[in-house]
Amino acid sequence: AVVSTQSTGEVLFGSWFEHVQQGWERARDNPDTVLFLRYEDMKADEAGTVLKIADFLGVKITAERAAEIAELTTFKKMQKDPTANHTWTKDLYNEGFNFLRKGIVGDYINYFTPQQMQQMKDKLKESGVTCFDDFLS
């Protein structure tokens, strides 16, 4: 149901697939104005991602400052911040819902059936978005 409702856009925030495809295309077509980042890559190198964002914005920062920023913006800290972890979404879904769930790369495997995973892979292949090729293999 999640995959089918996401692909049609019948969810609160619209279709995840369309959102990602539009972002990917804009980043591909306008690399000087749109920086496309994947959560998996950010988690693999948080301070490096901060440096990448700073460079994209034309801001010079040291590796030490990047590490400080990475620490201030960890998933656990953002999860506790109501301006990042939208508490109003609990009213729209259910009592146990959190906008920011666990912050674990690959946790989707605990939520989707093998059939839903295949639907997601098929939809991504159709979209032409290549940043998830590692997921598709």
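Glu68 and Arg65 both lie in helix H5 (residues 63-72), three residues apart, which is about one turn of the helix. Helices here are DSSP runs of H or I with at least four residues, and strands are runs of E with at least two, both numbered from the N terminus. The model is a predicted one, in which local features need pLDDT of at least 70 and side-chain atom pairs count only at pLDDT 80 or more, while totals for chains, interfaces and linings use all residues. Residues are numbered from 1 along each chain as its sequence is written, and side-chain values use heavy atoms, with hydrogens and water left out.

The side chains of Glu68 and Arg65 form a salt bridge, with 2.9 Å from N to O. A salt bridge is defined as a side-chain nitrogen of Lys or Arg within 4 Å of a carboxyl oxygen of Asp or Glu. Side chains of opposite charge can pair when their charged atoms come close. Glu68 is partly exposed at 42% relative accessible area, and Arg65 is partly exposed at 39%.

The whole structure contains five salt bridges. Among them is the pair Glu71 and Lys77, with an N to O distance of 3.7 Å. Glu71 is partly exposed at 44% relative accessibility, and Lys77 is partly exposed with a value of 40%. A further salt bridge joins Arg38 to Asp41, the closest N and O atoms being 3.0 Å apart. Arg38 counts as buried, because its relative accessibility is 11%, whereas Asp41 is partly exposed at 43%. Arg38 is placed in the loop between H2 and H3. When residues up to four places away in sequence are not counted, Arg38 touches Cys131, Phe132 and Asp134; contact means heavy atoms within 4.5 Å.

Trp24 belongs to helix H2 and Phe36 to the loop between H2 and helix H3 (39-44), 12 residues apart. Phe36 is partly exposed, with a relative accessible area of 23%.

Helix H2 (residues 16-29) also packs against helix H8 (residues 114-127): their axes come within 11 Å and cross at roughly 30°. The axes are lines fitted to C-alpha atoms, for helices over the stretch in contact, and angles run from 0 to 180 degrees between N-to-C directions. The crossing of H2 and H8 is right-handed, that is, the near helix is turned clockwise from the far one by less than a right angle. In this contact, Trp16, Phe17 and Gln21 of H2 meet Met120, Lys123, Leu124 and Ser127 of H8.

Of its 137 residues, 24% count as buried. Among contacts between residues at least 6 apart in sequence, 41% join residues at least 24 apart.

Methods: Buried means under 20% relative accessible area, exposed over 50%, partly exposed in between (1.4 Å probe, protein chains only).
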